[in-house]
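Try each task before reading its solution.

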Amino acid sequence: MKHAIETQDLVKAYGATRALDGVSLQVRRGEVFGLLGPNGAGKTTFVRLLSTLIRPTGGRASVLGHDIVADAGKVRARISLTGQFASVDEELTGRENLMLLARLLGLSGREARSRYGELLDAFDIAGAANRQVSGYSGGMRRRLDIAASMITRPDLLFLDEPTTGLDPRARADVWAITRRLARSGTTILLTTQYLEEADQLAERIAVIDHGRVIAQGTAAQLKARIGSGVLRLTLHDRDDAARAGTIAAGLGLAAQMQEDPRMLTIPLPDADAALPLLAALAEQGIALVDFAYGQPTLDAVFFALTGHGAQGEAPVSGPQEPAAATEVSE
Ligand SMILES: Nc1ncnc2c1ncn2[C@@H]1O[C@H](COP(=O)(O)OP(=O)(O)O)[C@@H](O)[C@H]1O
Ligand SMILES: [Mg+2]
């Protein structure tokens, strides 16, 4: 069996909402596969279907060779799930949570203690093991959560948005844990809203939007789809963003706004295309703090594929009002 996960036209409808609208994917054994998409794209629905928590409306899927409907029990015995929201008990200590789960999963007292010791070390939670979970930081809680899902050494681990809401340091910790698990041979299906996260962790990525896969490949392949490079501009004045977008549009280039309102990214056919744009911006008196030319980010890829950014930003090219229209010229 080559594939850990195989789905064909998988559909999940909730009334008129097609949370998953015909997804066909293959995840190889031993790989980290990234399912990348914005809020509401269908990521959790996909994970819930494959972990047999819900049943499909249509299509079929197998996990580690077992059909998710006909062989749901066999699927459950081989997988583990770390959900988007923590599933550990707040009232218990970290230690009590892990021991309780281990016993519930059928480990003997001795096995449970030995596994518990390994997990404490692997996930760096020994220091807080005897404290109540309600007092844990977000990152700590997430580590305990993933540790809990590793008690039985699953062949396949679902990590549903494991770092959403975490600070950068806790995120780095979860990334390190994910890499360690992957090296130990566990197949991982990771869902994320963060393009950088998929880029960092996943060997292959499927981009999902409105319940459909809109692109698939390695990060490099996805990046290659939108041209050879991207120009990143940091404007001196955030109010110049719309005007800079219009100037780019005049040269046939599509500028895209970033979370930071002073930043623009502009996919270019080649590096030479940067020069006329930079000249035109200078001519129009738009001052830059910084510019850089490099490989496109996955955010730019998402924009190219869907016409909107991963967080739903709108393009700024074209005839639009300036971002901040409050300033009055004298
Ligand atoms: N139990 C449910 N009942 C009705 N609609 C749902 C249910 N679960 C998910 N949805 C809808 O399906 C879509 C996909 O949701 P979800 O899989 O949670 O997305 P994601 O995890 O990518 O944010 C959303 O529009 C969501 O509102
Ligand atoms: Mg979700």
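**Exercise 1. Sort the residues of the shell around ligand 1 by class.**

Step 1. The shell holds three nonpolar, seven polar and one charged residues. Here Ala, Val, Leu, Ile, Met, Phe, Trp, Tyr, Cys and Pro count as nonpolar, Asp, Glu, Lys and Arg as charged, and the others, Gly among them, as polar.

Step 2. Now put names to them: Tyr-14, Thr-17, Ala-19, Gly-37, Asn-39, Gly-40, Ala-41, Gly-42, Lys-43, Thr-44 and Thr-45 surround ligand 1. A residue is listed if its C-beta atom, placed from the backbone, lies within 6 Å of the molecule.

Step 3. Look at which elements contribute: β2 (17-28) and α1 (43-50) each give at least two residues to this shell, and α1 has the largest share, with three. Helices (H or I, at least four residues) and strands (E, at least two) are DSSP runs, numbered from the N terminus.

**Exercise 2. Decide how far to trust the model.**

Step 1. This is a predicted model, in which local features need pLDDT of at least 70, side-chain atom pairs count only at pLDDT 80 or more, and totals for chains, interfaces and linings use all residues. Residues are numbered from 1 along each chain as its sequence is written, while chains are lettered from A and ligands numbered from 1 in the order in which they are written.

Step 2. The protein chain has a mean pLDDT (the predictor's confidence in each residue, from 0 to 100) of 86, and 90% of its residues reach 70 or more.

Step 3. Take care with residues 312-330, where pLDDT stays under 50.

**Exercise 3. Work out how α3 and α5 are arranged.**

Step 1. Helix α3 (residues 94-104) packs against helix α5 (residues 138-149) at about 20°, with axes 10 Å apart. Axes are lines fitted to C-alpha atoms, for helices over the stretch in contact, and angles run from 0 to 180 degrees between N-to-C directions.

Step 2. The two helices are therefore roughly parallel; angles under 35 degrees count as roughly parallel, over 145 as roughly antiparallel, 65 to 115 as roughly perpendicular and the rest as oblique.

Step 3. Gly-94, Asn-97, Leu-98 and Leu-101 of α3 meet Leu-144, Ala-147 and Ala-148 of α5, with contact meaning C-beta atoms, placed from the backbone, within 7 Å. This contact has five nonpolar, two polar and no charged residues.

**Exercise 4. Which residues join α5 to α6?**

Step 1. The axes of α5 and helix α6 (residues 168-183) come within 9 Å and cross at roughly 15°, which makes α5 roughly parallel to α6.

Step 2. From α5 come Gly-138, Gly-139, Arg-142, Arg-143 and Ile-146, and from α6 come Arg-169, Ala-170, Asp-173, Val-174 and Ile-177.

Step 3. By class, that gives four nonpolar, two polar and four charged residues.

Terms used: Two residues are in contact if their C-beta atoms, placed from the backbone, lie within 7 Å.
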